[in-house]
Amino acid sequence: MSKFRLALVQLLVTKVKTDNLHRACSLVKEAASQGAKVVVLPECFNSPYGTGFFAEYAEKIPGESTQVLSEAAKECGIYVIGGSIPEEDGGKLFNTCSVFGPDGKMLVKHRKIHLFDIDVPGKIRFQESETLSPGSSLSMFETPYCKVGVGICYDMRFAELAQIYAKKGCQLLVYPGAFNMTTGPAHWELLQRARAVDNQVYVATASPARDETASYVAWGHSSVVNPWGEVITKAGSEEAVVYADLDLQYLADVRQQIPITTQRRNDIYSISAVHEG
C-alpha cells in the first residue's frame with residue numbers, strides 16, 4: 001500500500017454546534033465516497049475559535065462530538081483525524097484532537113502542546129493560556145499506509161516536534177490549524193514546506209473556512225505538501241474538501257536522492273524527546 005488518498009475538510013464553522021457536527025459528518029462521508037482513506041477536520045471544528053467560546057463549547061472525551069467522529073469513521077471504514085475541540089477534563093480546558101480508526105475506536109488523543117500566545121502590535125494579540133492548559137505528550141498512530149504524527153496549529157512552529165516524529169518513523173505529519181489573517185499569509189505555507197523538506201515527509205494542514213464576520217478570522221488554505229517541499233493540493237478560503245494522493249515510494253525516492261537521514265552528525269548534535277507521555 002504505497003499510495004493512499006488523504007482528504008482535508010475545510011469546514012465553515014458556525015456558532016451552532018449541532019450544525020457543525022452534522023456538516024462535518026456529511027463532508028467526512030463525502031470524502032470517503034471519493035476514495036479518501038484518511039480524512040482530516042480543522043482545528044476547533046465544533047466551536048468558534050476564541051477564548052470566550054472554549055468553556056461554553058467544551059466537552060468531555062468521549063462526548064457528543066467525538067461520538068460523531070467515531071461513528072463516521074466506523075461507517076466509512078476510514079481514519080478520521082478529528083481536527084480539534086475544546087476538551088474539559090478535571091476542571092481544565094484543553095485544545096484536543098482525537099483520532100479514530102476504521103473500527104470507530106479512538107487511537108490517540110493529542111492535546112495541543114504549545115499554546116498560542118502571541119502579540120503582534122497593531123495586528124493581533126491572542127492568549128490561549130488565558131483559558132487553556134497545554135498538553136504534555138507526543139501523539140502518533142499507525143495505519144496500514146504509514147505512521148502519522150499529530151500536532152495542532154501553533155505546534156507546527158516548533159521544528160523539534162516534527163523532527164522527533166520523523167525520527168520515530170512518521171511519514172505524514174498532520175496539523176489541524178487556524179492561522180489568522182496576519183500569520184496566515186506570512187507563515188502558513190512556509191512552515192508546512194519547511195517541516196516537509198526538513199524531514200522529508202508529507203505535511204497536511206486543515207483550517208476552518210474563512211468567515212469574515214467571526215471574531216477570529218481564519219486564513220483557510222488547507223494544504224498538503226510533499227517531501228520535496230511542493231504544495232500538491234491547496235484549498236481557497238471558502239468551505240471545501242480537497243484531496244491528495246500520497247505516494248510513499250516517492251517519499252523513499254526523495255530520501256535516497258538526498259540522504260539527510262543517514263548523513264546526520266549524531267556525534268555532534270542530537271534531538272530527543274524528554275517526555276513522551
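Predicted model: local features only at pLDDT ≥ 70, side-chain atom pairs only at ≥ 80, totals over all residues.
Local features were taken at pLDDT of at least 70 and side-chain atom pairs at pLDDT 80 or more, whereas totals for chains, interfaces and linings use all residues. Residues are numbered from 1 along each chain as its sequence is written, and side-chain values use heavy atoms, without hydrogens and water.

A nonpolar core is a set of buried Ala, Val, Leu, Ile, Met, Phe, Trp, Tyr and Cys residues joined through side-chain atoms within 4.5 Å; buried means under 20% relative accessible area, exposed over 50%, and partly exposed in between (1.4 Å probe, protein chains only). The largest such core has 47 residues, and Leu6, Ile81 and Leu172 have the most contacts inside it. A second, separate core of 23 residues includes Leu11, Cys25, Ala36 and Ala73.

Salt bridges (a side-chain nitrogen of Lys or Arg within 4 Å of a carboxyl oxygen of Asp or Glu) number 14. One of them joins Lys112 to Glu43, at 3.0 Å from N to O. These two residues are 69 residues apart, Lys112 in the loop between strands E6 and E7 and Glu43 in the loop between strand E2 and helix H2; helices (H or I, at least four residues) and strands (E, at least two) are DSSP runs numbered from the N terminus. Both Lys112 and Glu43 are buried.

In a further salt bridge, the closest N and O atoms of Glu276 and Lys168 are 2.8 Å apart. Glu276 is partly exposed at 38% relative accessibility, and Lys168 is partly exposed at 31%. Glu87, Asp89, Lys109 and Arg111 are linked in a salt-bridge network.
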